[in-house]
Every structure is written in structure tokens, then in C-alpha cells.
Amino acid sequence: MNKQESPILFLIVGRNEPLYSSEFISNQTTISDSITRQNYFVMHSALDLVDKCAFTYPQMYLKTVDKVNHQMVTVFLTASHVKLMLLHSGKGDDVMKAFFMEVYELYVKLSMNPFYQFDTHITSKDFDDRVRAIGRRYLLS
């Protein structure tokens, strides 16, 4: 799998577990199970670096916190320390920041919903559709 065909993995991670995940694939090829597992392993291993950077940098947008092979983990940290994490093969900093800001706005709207309990799995179909649309706009163009 070359650099252009690598799937982009997006996670929202709460205190103890992932709350939401989505993969963005540029074409309709199938991704092997081993690639998917490897991507989740890379994201999980980056969590320690995210915690370290959270107390080092005062910004919410932590930029790239880890690089593995040709992939990078970029993170946006909310005020409640919910982590928006993206595993990608290299996108511009402005594109990443715009993507995170739009998804963060969606997450804030979701968390203000009285029917959503904080730090639980996100099962809203509308949230998923909107995140995927934002991902197609910023990450697959």
C-alpha cells in the first residue's frame, strides 16, 4: 500500500476509551484487517505522547505528536481533555486545523445535547454523517 492509498483514521478518545471512530479511504479499495489493526495500535501508542504534550503546550491544537513510518498522528485536545486524533500520511497544517475546528464544533453541539451523556460512545448517525462529510471535504480533496 503506497502513501496515497493509506486510510485516514479519525478517533475521538475520552478518559478511558474511544468514543467515536471513522476511516476515510480515498478510493473504494478494501483495507486489510492487519492494516486496520496496525492503525489502531499506532493511535493507541500515541496516547502517552498526547498526555505529555497536553501539559507542555498551552494550545488546544497539538499538531503532530507522533510519526510512525510514513504516517503522522495529529491531535486536537478539548477543554475537557477529550482527544480528537487523526492518523494520516501528511496533510497541510491549515487543512488539519480547519478539519479539527469543524469537528470540535460538532462535538461541542453534541455534548450540549441533554440526551448525550458525557464520555460515552457516540452513536448519533447525524454526527457520523457530518464528520464523514467534513472528512471528505478536507482530507480526501
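Predicted model: local features only at pLDDT ≥ 70, side-chain atom pairs only at ≥ 80, totals over all residues.

Author: Residues are numbered from 1 along each chain as its sequence is written, and side-chain values use heavy atoms, with hydrogens and water left out.

Reader: Why is the pair of Tyr 20 and Phe 127 called edge-to-face?

Author: Rings of Phe, Tyr and Trp (its six-membered ring) pair if their centres lie within 6.5 Å, and planes under 30 degrees apart count as stacked, over 60 as edge-to-face and the rest as tilted. The centres of Tyr 20 and Phe 127 are 5.3 Å apart and the planes stand at 90°, so the pair is edge-to-face.

Reader: What makes Phe 24 and Phe 99 a tie between parts of the chain?

Author: Their rings also form an edge-to-face pair, at 6.4 Å centre to centre and 90° between the planes. Phe 24 lies in strand β2 and Phe 99 in helix α2 (residues 93–111), so the pair ties together parts 75 residues apart in sequence; helices (H or I, at least four residues) and strands (E, at least two) are DSSP runs, numbered from the N terminus.

Reader: How do you know that the buried residues of α2 line one face?

Author: Buried means under 20% relative accessible area, exposed over 50%, partly exposed in between (1.4 Å probe, protein chains only), and the buried residues of α2 include Met 96, Phe 99 and Val 103. Seen down the helix axis, the buried residues of α2 fall within an arc of 165°, taken from the directions from the axis to the C-beta atoms, so they line one face. The face turned away from that buried side carries the exposed Asp 94 and Lys 109.
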